[in-house]
Amino acid sequence: MGDWTTVTVPALPSASKNTLLNTSEKKMCPSSLNMQQVQHSPLPLSKSPHSSFSAFCTDENVEQCVSYLNRELTTLGFPSLYSECNDRELNVVSIINCMNELLILQRKNLRTQEEVEIQHLKLGSDMDHLQNCYAKVKEQLEASRREIVGLQERDRQQQCKNRNLHQLLKNEKDEVQKLQNIIASRATQYNHDMKRKEREYNKLKERLHQLVMNKKDKKIAMDVLNYIGRVDGKRGAWRTGKTEARNEEDMYKVLLGGYEHCQKQLLMENAELKKVLQQMKKEMISLLPPKKQKPKERAEDGTEPVLSDMEEDAVELNKENMWELSCETVREQLTNSIRKQWRMLKNHVEKLDNQVSRAHSEALNDNDVISREDHELETEKLELEIQQCREMIKTQQQLLQQLMSPCDDDTSVLLQDCYLLEERERLQEEWKLFREQKKNFERERRSFTEAAIRLGLERKAFEEDRGAWLKQQFLSITYDHKNSEHVKSQSAFSGSSEPDNQLINFRSRHKKPHFLSSVPMAEELCQTVQHIAHNSNSSTVLNKTTEDSKPKQWKGINKPEAE
Amino acid sequence: FSPSFSIDHMACKRTNPKVYIIASCVQYRLIVRDVNSLQILQLYTCLDQIQYIEWSSDSLFILCAMYKRGIVQVWSLEQPDWHCKIDEGSAGLVASCWSPDGRHILNTTEFHLRITVWSLCTKSVSYIKYPKACQHGIAFTKDGRYMALAERRDCKDFISLFVCSDWQLLRHFDTETQDLAGIEWAPNGCVLAVWDTCLEYKILLYSLDGRLLSTYSAYEWSLGIKSIAWSPSSQFLAIGSYDEKVRILNHVTWKKITEFEHPVTIANPKIIVYKEVEKCPRVETESLALPPAKAQASSLFRIQSKYDISQVPVSLQCVKPVADRANPRIGIGMLAFSPDNCFLATKNDNIPNAIWIWDVQKLKLFVVLEQLYAVQFFQWDPCQPRLAICTGNSKVYLWSPAGCVSVQVPMEGDFQVLSLCWHSNGDSMALLSKDHFCMCYLE
């Protein structure tokens, strides 16, 4: 132990220096020996931690140890152990802090160590797992390789079988061919034999024929009682060249007759078919769209001139068919035109199909999922609506049933009573309304009548006043005709009412010419009064009561006129 | 309609085409009867057993051929005293027929050595050498002007066209057939159909002047044409072959326009299938009186039958032919067009119980009649689309577009209808059994 310490202590200062070098790159201390010593030194420290506690610092080398520790700590970045002012005194606080820091460090290091160990374990387990996987995959690979090999084997076997079957088939075909050949050869052989036999037979027949002919016995005869006439009654004709020619002619006539008959039928058929084709063509033309300007479809652009061609052809063909020609060109034209029309129609139909399918696909592609969802939503909504409607219908039906079905008389009577009551109430309300209105109307009428009465009274009063005033005027005029000014002034006084003004005007007009005679003046006055009364009557309210008063007696002449 | 029964008769009978007379022969006697009353009008005696009788086209003469003796006797209806006998002598006689003008008789000698044309008005004889020994070797046109004769020289087939009026050889040409099996004129007289042996499917069409118009061959190596039929308007030629198909050629291009198949199963619901169904009436043994009267006995055991419409799909009875025999019973054996050109009746020998009726306008199968027994013979009514069928039992079956009916022939004993023959006016028909015949009158 002592050796250890002696070794370490002298090395310490240099070690601290080196560490200083290591930590701060300012000073350079080239001492390799010291380095070596430094390298050796930390190991014994770590190996024997417990012994080092006591081995490091003894009573003798306390200061050295402290200084060493200070150096180490300062190099590590800890605050100095010594106090600031005095280098020998130890700063307890800083020591404690340093110790605390060291403990913290130690704990951190332990933690990190634990973590590292945990990671290490994890990695180890991962490794194991991966290795297992690898082993499995390797097994699978092996298995699949074996499978492949097996399948290949099977494939080979199947191919072999296939080849065998092909071979068998070929063999069978060859056999069939062979048999056919055999049959053919046998047939020829038989034919040959048959011919040979036939020739022999013919020879025998010839022989026999000769014998028969040579016999010339009487038996070969015909015994007829009498000749019988021919069917058509004519005599038998000699066989001459003419008859031969005639026969040929007849034969050809018969043939020609047959052919003509055939041809007639065929012509009729052809004509009918042509008609049908024409009709078809016309219908096809009508089916196709008349004019289109779609830049996409070239075919349609091409149809316009073609259509016009077709129409021309149709016109031509119609003309020609009327003549019932059946020459090649007409036929070809017709068939070609029909074919063209048919192609156009087909294109048109295909185009329509494409459009429809495109529309479908577009609708589907654009909102593929969404449309479905929409569909579903809509269907759900519709279903709900349907349910609601159904419920409504049910309730309505129930109500209707309730209404329609009179369960009891009482209830029906009650119901009826209810209705009657309702109606009665309604009617009563209406009556009330009517009565109120009636009252209102009556009130208004009364008020109107009162107003009319008042008006009448007022008029009366007014008339009386007027009459009195006129009297005065008249008197004043007759007495003081000179004082027209007075009159005017008087008239000025009572000049507010209209009839007065009118009277005045009349007076002023009539006054000058008619000055002389008073009677005619009076008459004129009377006339004017009449006029005025007339005017006043016309200007006042029409509803006049017939309550004539006495003061208007002198106007008795006026009244009946006026009224 | 009321069938009537008659006395024993043998072999053949013929219906006079114009006049309402029937001729029937019994052994060596020729009996001429009135159709409506079946009264004997004339009775002739021939020298030997008559094998074949034929009316002349103007219905004035009947020829009776006796093949064994090689004699043909001709009788006149108007003059019972008139007689004519044609003796072929040692040449023998194989076939005999009238010419269309009713004044010549064509005799085919034995071994088909030659055809002798005997003229009744000039008593002259002509010989035609090397006639072909086939079933339909001679064909007359419908109007009776021309005759086509199949010949074979040096192992090659030829056709000779004769003018019937003076027997002048009009045309003589060879055909490209291996072994001519038959010839037939079209009803319009312009086209001659020539078909080859059944070993090769080939049909040739020649025009009246001998030009080859067209050939048609459906397939190779299998058995070929079995029967053909012209439509009455000459528009179609129906060819029935051994492969159970009927091919229709049209007269304009002579190309096949359609093929009719005769499958065993009919699945198309638009086709009506009439099936003959038997109903046995119950016999009450208690009420039987012994011995039972003849009429009663026959009616007791008479089996009723009627037609039922079977539901489609229907499976028909099929007969598998013996494979290693010649002339197997397969293929379309009989073809006939209805006189109005609307229907075609065919019989497939594979399915012998059924008759197939095709609609010519639509070229589709129209009706299938399924019988209980194999169909022996059928013939269209010459005037309307009515088909009479006999299957070898004692019933005759009639079909028309309105429906079909099965009629029992009321006869004592067993009357097995083997063949039938319509009268030319379509009112009546003669039903033939092995040695009896009876008349059937239709209303």
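**Entry 1. Ground rules.** I noted that residues are numbered from 1 along each chain as its sequence is written, and that chains are lettered from A and ligands numbered from 1 in the order of writing. Because the model is predicted, local features need pLDDT of at least 70 and side-chain atom pairs count only at pLDDT 80 or more, while totals for chains, interfaces and linings use all residues; side-chain values use heavy atoms, without hydrogens and water.

**Entry 2. The two chains.** I looked up the secondary structure, with helices (H or I, at least four residues) and strands (E, at least two) taken as DSSP runs numbered from the N terminus. Chain A has 15 helices and 1 strand. Chain B has 1 helix and 40 strands.

Next I took burial, where buried means under 20% relative accessible area, exposed over 50%, and partly exposed in between (1.4 Å probe, protein chains only). In chain A, 19% of the 563 residues count as buried. In chain B, 56% of the 443 residues are buried.

I also looked up the accessible surface, which comes from the Shrake-Rupley method with a 1.4 Å probe; for residues, only the protein chains shown count as cover. For chain A the surface is about 45,300 Å², with 57% belonging to carbon and sulfur atoms. For chain B the figure is about 18,700 Å², with 51% belonging to carbon and sulfur atoms.

The corresponding share in chain B is 44%.

Entry 3. Patches are made of residues with over 30% relative accessible area and no salt bridge, like charges being joined within 9 Å and nonpolar side chains (Val, Leu, Ile, Met, Phe, Trp, Tyr) within 5 Å. Lys and Arg count as positive and Asp and Glu as negative, with His and the chain ends not counted. A charge is placed at NZ of Lys, CZ of Arg, CG of Asp or CD of Glu.

I found a negative patch made up of A:Glu373, A:Asp374, A:Glu376, A:Glu378, A:Glu380 and A:Glu383. A:Glu376 sits in helix α10, residues 368–404 of chain A. Its relative accessible area is 48%, so A:Glu376 is partly exposed.

A nonpolar patch of about 480 Å² is made by A:Leu400, A:Leu403, A:Met404 and A:Tyr419. Helix α10(A) gives the most to this patch, with 3 residues. I checked A:Leu403, which lies in α10 and is exposed at 61%.

**Entry 4. Salt bridges.** A salt bridge here is a side-chain nitrogen of Lys or Arg within 4 Å of a carboxyl oxygen of Asp or Glu.

B:Lys132 pairs with B:Asp179, with the closest N and O atoms 2.5 Å apart. This pair links distant parts of the chain, 47 residues apart: B:Lys132 is in the loop between β13 (125–129) and β14 (138–140), and B:Asp179 is in the loop between β17 (168–174) and β18 (180–185). B:Lys132 counts as buried at 7%, whereas B:Asp179 is partly exposed at 26%.

B:Arg152 and B:Asp157 meet at 2.6 Å, N to O. B:Arg152 is buried at 10%, and B:Asp157 is buried at 0%.

B:Arg211 and B:Asp209 meet at 3.1 Å, N to O. B:Arg211 is partly exposed at 41%, while B:Asp209 is buried at 12%.

I also noted a network of salt bridges that links B:Asp243, B:Lys245, B:Arg247, B:Lys256, B:Glu259 and B:Glu261.

**Entry 5. Positive phi in chain B.** Most residues other than glycine have a negative phi.

B:Glu244 has a phi near 65 degrees. B:Glu244 is in the loop between β23 (236–241) and β24 (245–250) and is partly exposed at 22%.

B:Trp254 has a positive phi of about 55 degrees. B:Trp254 is in the loop between β24 and β25 (256–261) and is buried at 9%.

**Entry 6. Two strand residues in chain B.** B:Asp359 is in strand β32, residues 354–359, and is buried at 8%. Leaving aside neighbours within four places in sequence, B:Asp359 is in contact with B:Cys342, B:Phe343, B:Lys364 and B:Phe366.

B:Tyr441 is in strand β40, residues 437–441, and is buried at 17%. B:Tyr441 and B:Ala430 are 11 residues apart in sequence and 8.6 Å apart in space, C-alpha to C-alpha.

Definitions and conventions
Contact = heavy atoms within 4.5 Å.
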